[in-house]
Every structure is written in C-alpha cells, then in structure tokens.
Amino acid sequence: VRKELLYEGKAKKIYSTELQSEVVVEYKDSLTAFNALKKGSFAGKGALNLRMTALLFEHLSKNGVPTHLIKQLGPTELLVKKVEIIPLEVVVRNVLAGSTAKKFGIEEGQVLAKPLVEFYFKNDALADPFLSDDQALMLGIVKETEIPQLKTMALKVNDVLAKVMNQAGMTLVDFKIEIGREGNRLLLADEISPDCCRLWDKKTGEKMDKDRFRRDLGNVAETYQEVCKRLSEVLK
Ligand SMILES: Nc1ncnc2c1ncn2[C@@H]1O[C@H](COP(=O)(O)OP(=O)(O)OP(=O)(O)O)[C@@H](O)[C@H]1O
Ligand SMILES: [Mg+2]
C-alpha cells in the first residue's frame, strides 16, 4: 500500500497511499536527542516503539481519545489517518524533570499538585522553544477555540496513560504528544513510546525511557524491551 516517501524524520518515515486521507508510518531504529545533536540506534527499536504506540493508542481510543491509528501493517509499519499536524509539542508533567525543572532551579522529582500542560513550538531550526498560549495565537498555529481542546485532550491522555503505567509498575513523570486536525476534529497523532515519555520504575526509581540514551545510562535496548513487555502484559 506504500507509494512514495513524503517525509523522512529522525525516527520515522511517512509514505503516501492510494488514499489522500491515509499515510503509512514506518518506524526506524534510530534514536536522537538534544535536537539531533546526539545520534544512536539499536536493532528492533522501531518495532518496539511501534508495538508500544499501537497498544497505547488502541487503549486510549477505547477510553475516549480519538487517534490517527487505523491498523498495523507489519512489525514496523502502521496505517494512519493523515492529519494536519499542529506544530506544537504538547507536554504534560506530573513530576518535575528535564527542562522545566532546570529552568526554575527545582530539583528533579518534585511531584506536582496538579498536572502541568505546556506548549513548545515544533521547529527544529529554533530548537522547539517554549511558547505561551498567546504566542501560539500570534503565530497563527492554533485557533482560539483549539487551545482549551488541546489541553483537555492532553489531560485525558495523561489520566489514561498514568493509570496504565502505574499498573505496569512505572510512574508517568511526563510526556509529549502531537495532535492533528482531520477536518474540524482533533486526533491524537504521531507516537507514544519511551522516546517521548519519562517513566520511572516504581520500586527502584530507575529511568525507563530515552533519558537512558540522553544521559548515557546504558541498557537502552533492554529498557525499551522491558517497557514493551510490561505494557503488553497490562494491555493484553
Ligand atoms: N497522522 C499523521 N499525519 C501526518 N503527519 C504525521 C502524522 N503522525 C505523525 N506525523 C508527522 O510525521 C513525522 C514523523 O517523523 P519523526 O517523528 O521521525 O519526525 P521528527 O524527526 O521527530 O521531526 P518532527 O520535528 O517533524 O517531529 C513528524 O513530523 C510528525 O509530526
Ligand atoms: Mg518526531
């Protein structure tokens, strides 16, 4: 069903299909961090991230979050609805870590009283800067009515995802999603995997996500396998 390559990103390739309204997403084995300054890969990474994304998207859709997923075509290929991606990285934080902890001089691990939703401008040349709601409106990348819809969707994803991760023995520290427009409907798009979540083991506190790669903590492949195994058990 794949036709031509429309886009090659850092972790995935997008192909056209016979239908204008559908695309194929191929998951690659590559891994990047710090706006692609740091590059790596491991065999089987694409298949693991696809598996986790498919499991989580199916679960989210059963729990009231509409997603772009149509069906799995192969171990590294998903058929999805083509959407107009809103150029925002929508981030939800339950525990402070990463850039926001650093920005405010707060130690990583601070549990937040309520989930924090943040928008970053998806723009590699600008290194994905944080932006305010009004700045997003000023840039014309979202409509006024979409802002509360994006936040509601992000918080719903957080509720569902946090429960699943908890059942799988992990704390959902934070995550990033991408949302797209299909007509006047918003759909959860792109992926959810350890590439775009922070997951801490509930027992040991060990990091079980891309921070292992970012911070050279070792066992990157083993950790992605372990997260996939746990999610498969919880969501079977
Ligand atoms: N359903 C969809 N329809 C159209 N585009 C999509 C859909 N889901 C994801 N995308 C886009 O496909 C690309 C996936 O590739 P990948 O994640 O490798 O990109 P990337 O290198 O991270 O770059 P980007 O900064 O664009 O995300 C992203 O640009 C993502 O926004
Ligand atoms: Mg991406």
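**Note on the predicted model: charged pairs, core and helices**

1. The count of salt bridges comes to 26, a salt bridge being a side-chain nitrogen of Lys or Arg within 4 Å of a carboxyl oxygen of Asp or Glu. This is a predicted model, in which local features need pLDDT of at least 70 and side-chain atom pairs count only at pLDDT 80 or more, while totals for chains, interfaces and linings use all residues. Residues are numbered from 1 along each chain as its sequence is written, chains are lettered from A and ligands numbered from 1 in the order in which they are written, and side-chain values use heavy atoms, with hydrogens and water left out.

2. One of the salt bridges is formed by the side chains of Arg-93 and Glu-118, at 2.9 Å from N to O. Arg-93 belongs to strand β9 (residues 88-95) and Glu-118 to strand β10 (residues 111-121), so the pair ties together parts that are 25 residues apart in sequence. Helices (H or I, at least four residues) and strands (E, at least two) are DSSP runs, numbered from the N terminus. Arg-93 counts as buried because its relative accessibility is 4%, and Glu-118 counts as buried at 7%. Buried means under 20% relative accessible area, exposed over 50%, and partly exposed in between (1.4 Å probe, protein chains only).

3. Arg-93 also forms a salt bridge with Asp-174, the closest N and O atoms being 3.3 Å apart. This pair links distant parts of the chain, with Asp-174 in strand β12 and Arg-93 in strand β9, 81 residues apart. Both Asp-174 and Arg-93 are buried.

4. A further salt bridge joins the side chains of Lys-176 and Asp-190 at 3.4 Å, N to O. Lys-176 is in strand β12 and Asp-190 in the loop between β13 (185-189) and β14, 14 residues apart. Lys-176 and Asp-190 are buried. Salt bridges that share partners join Arg-93, Glu-108, Glu-118, Asp-174, Arg-198, Lys-207, Asp-211, Arg-214 and Arg-215 into one network.

5. Glu-22 lies in strand β3 (residues 22-27). Leaving aside residues up to four places away in sequence, Glu-22 touches Thr-17, Ile-70, Leu-79, Val-80, Lys-81 and Lys-82, where contact means heavy atoms within 4.5 Å.

6. Lys-12 is placed in strand β2 (residues 12-16) and counts as buried at 11% relative accessibility. The side chains of Lys-12 and Glu-191 are joined by a polar contact of 2.9 Å. A polar contact is a pair of N or O atoms within 3.5 Å; within protein, one must be able to donate a hydrogen and the other to accept it, and residues adjacent in sequence count only if both atoms are side-chain atoms. Not counting residues up to four places away in sequence, the residues that Lys-12 touches include Lys-28 and Asp-190. Lys-28 is found in the loop between β3 and β4 (30-33), and at 15% relative accessibility it counts as buried.

7. The largest nonpolar core has 57 residues, of which Leu-88, Val-157, Ile-177, Leu-188, Ile-192 and Leu-231 touch the most other members. Helix α4 (residues 146-167) supplies the largest share of this core, nine residues. A nonpolar core is a set of buried Ala, Val, Leu, Ile, Met, Phe, Trp, Tyr and Cys residues joined through side-chain atoms within 4.5 Å. Beyond residues up to four places away in sequence, the contacts of Leu-88 include Phe-119, Phe-121, Leu-131, Leu-150 and Ile-177.

8. Helix α6 (residues 220-234) has 15 residues and reaches 21 Å from its first C-alpha to its last, close to the 21 Å expected at 1.5 Å a residue. The expected span of a helix is 1.5 Å times one less than its number of residues. Among the buried residues of α6 are Tyr-224, Cys-228, Arg-230 and Leu-231. The buried residues of α6 pack against β4, α1 (45-62), α4, β12 (170-182), β14 (197-201) and α5 (211-214).

9. The 18 residues of α1 should span 26 Å at 1.5 Å a residue, and its end C-alpha atoms are 26 Å apart, which agrees. The buried residues of α1 include Lys-45, Asn-49, Met-52 and Phe-57. Gly-64, whose phi is positive, near 90°, follows α1.
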